[in-house]
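Please look through the sequence and the model together. The paragraphs below go from the whole chain to single residues.

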Amino acid sequence: MFDMKNLTKLKRLDENAPDAMKAFWAFDKAVFTEGTIDVLHKQLMAVAVALTTQCPYCIELHTKAARDAGAADQM
């Protein structure tokens, strides 16, 4: 069942698959770095992908990140 508290379970992946998770966190950081496409639009694209995959955790996280980057509800 969806509960944002479940994201704390990711620590198990950091412990049990440290190389894979280190690579994932590096990828995540690089993807959302300001560049040719600004962070706001990158986060809006991530929201679109999350809505397509219907991942409630990704929807929640990327919606918040988009709003933090300046997204309005209309966006």
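The model is predicted, so local features are given only at pLDDT of at least 70 and side-chain atom pairs only at pLDDT 80 or more, while totals for chains, interfaces and linings use all residues. Residues are numbered from 1 along each chain as its sequence is written, and side-chain values use heavy atoms, with hydrogens and water left out.

Start with the chain as a whole. The protein chain has four helices and zero strands, and from the N terminus on its elements run α-α-α-α. Helices (H or I, at least four residues) and strands (E, at least two) are DSSP runs, numbered from the N terminus. Along its principal axes, the C-alpha trace spans about 40 × 30 × 20 Å. Of the 75 residues, 15% count as buried. Here buried means under 20% relative accessible area, exposed means over 50%, and partly exposed lies in between (1.4 Å probe, protein chains only). The accessible surface comes to about 5,800 Å², and 62% of this surface belongs to carbon and sulfur atoms. Such areas come from the Shrake-Rupley method with a 1.4 Å probe, and for residues only the protein chains shown count as cover. Among contacts (heavy atoms within 4.5 Å) between residues at least 6 apart in sequence, 44% join residues at least 24 apart.

The largest pocket holds about 430 Å³ of space. Its lining consists of 18 residues, and Phe 24, Asp 28, Cys 58, Leu 61 and His 62 lie nearest the centre. The elements that give two or more residues to this lining are α1 (10-16), α2 (18-31), α3 (39-53) and α4 (56-68). The largest share, six residues, comes from α2. On a 1 Å grid over the protein atoms alone, a pocket is an open set of points with protein on both sides within 12 Å along at least five of seven lines, and lining residues have an atom within 4 Å of a point. By class, the lining has 15 nonpolar, two polar and one charged residues. Ala, Val, Leu, Ile, Met, Phe, Trp, Tyr, Cys and Pro count as nonpolar, Asp, Glu, Lys and Arg as charged, and the others, Gly among them, as polar.

Now turn to the rings. A search of the whole structure finds two aromatic pairs. The rings of Phe 2 and Tyr 57 have their centres 4.9 Å apart and their planes at 55°, so this pair is tilted. It links distant parts of the chain, as Phe 2 is in the segment before α1 and Tyr 57 is in helix α4, 55 residues apart. Phe 2 is partly exposed at 42% relative accessibility, whereas Tyr 57 is buried at 18%. In the other pair, the rings of Phe 24 and Trp 25 have their centres 4.9 Å apart and their planes at 70°, so the pair is edge-to-face. Rings of Phe, Tyr and Trp (its six-membered ring) pair if their centres lie within 6.5 Å; planes under 30 degrees apart count as stacked, over 60 as edge-to-face and the rest as tilted. Phe 24 is partly exposed at 38% relative accessibility, and Trp 25 is partly exposed at 36%.

Two single residues remain. Most residues other than glycine have a negative phi. Gln 54 has a positive phi of about 60° although it is not a glycine. Gln 54 lies in the loop between α3 and α4 and is exposed at 54% relative accessibility. Lys 5 is in the segment before α1 and is exposed at 63% relative accessibility.

Terms used: 1 Å grid on protein atoms, 1.4 Å probe; cavity = no way out; pocket = protein on both sides within 12 Å on 5 of 7 lines; lining within 4 Å. Points joined across faces, edges and corners; volume = space filled by probe spheres on them.
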